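Let's take a walk through a protein together, one stop at a time. Have a look at the picture, then read on.

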Amino acid sequence: MIVKIIDGNSISVKSEEPDDMVALRRAISVGDRIAGSTSREIKKERESIRPEKGQRVRIRISLESKKITLDGSLNRLRIVGTIVESDNESVVHGSHHSMQIKIGDPITITKS
C-alpha cells in the first residue's frame, strides 16, 4: 500500500494488493471522512412527477462514513455514508451515497 501523510488527521492511500483492502477496512471507522472518485447518476429536474433517467457522471466526493463492508471475493471495500463535499454543484450535500473502492483506487482518509 502506498501511504502519504497529509497532516495529523489525514492520509492518502492507494491499495496495491488484496491484503491492503483488509488493512483499510480496519483503519476506517464510522464517522471518518473518505474522499475519492466515484460515479453518481445526476437527474435533471422536470415538471412531471417522475424525473427522467439521469446521466451517470464521474465525480470526486467526500463522505462521512456510516457503514464499511469488505467484499473479500471481489477485493473491494464498500463505504456507505452521507456526502459532505463534492466537485459537482448538482450533487446535494447530505444525500446518501455508497462508494466502491477497488485495488488501485486512491482515497483520502480523515479521522474524526
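Start with arginine 76, which is partly exposed, with a relative accessible area of 30%. Here, buried means under 20% relative accessible area, exposed means over 50%, and partly exposed is in between (1.4 Å probe, protein chains only). Arginine 76 sits in strand E5. Helices (H or I, at least four residues) and strands (E, at least two) are DSSP runs, numbered from the N terminus.

Before going on, a word about what you're looking at. This is a predicted model, where local features need pLDDT of at least 70 and side-chain atom pairs count only at pLDDT 80 or more, while totals for chains, interfaces and linings use all residues. Residues are numbered from 1 along each chain as its sequence is written, and side-chain values use heavy atoms, leaving out hydrogens and water.

Now step back for the overall layout. The protein has one helix and seven strands, and along the sequence they follow the pattern β-β-α-β-β-β-β-β. The C-alpha trace spans about 50 × 30 × 20 Å along its principal axes. Of the 112 residues, 31% are buried.

What's on the inside? The largest nonpolar core has 18 residues, and those with the most contacts inside it are Ile28, Ile34, Leu77, Ile79, Ile101 and Ile107. A nonpolar core is a set of buried Ala, Val, Leu, Ile, Met, Phe, Trp, Tyr and Cys residues joined through side-chain atoms within 4.5 Å.

Next, look for charged partners. A salt bridge is a side-chain nitrogen of Lys or Arg within 4 Å of a carboxyl oxygen of Asp or Glu, and a search of the whole structure finds three. In one of them, lysine 111 pairs with aspartate 32, with the closest N and O atoms 2.7 Å apart. This pair ties together distant parts of the chain, 79 residues apart: lysine 111 is in the segment after E7, and aspartate 32 is in the loop between H1 and E3.

Another salt bridge joins arginine 33 and glutamate 85, whose closest N and O atoms are 3.4 Å apart. Again the partners come from distant parts of the chain, strand E3 for arginine 33 and strand E5 for glutamate 85, 52 residues apart.

Finish at serine 112, in the segment after E7. Serine 112 counts as exposed, because its relative accessibility is 73%.
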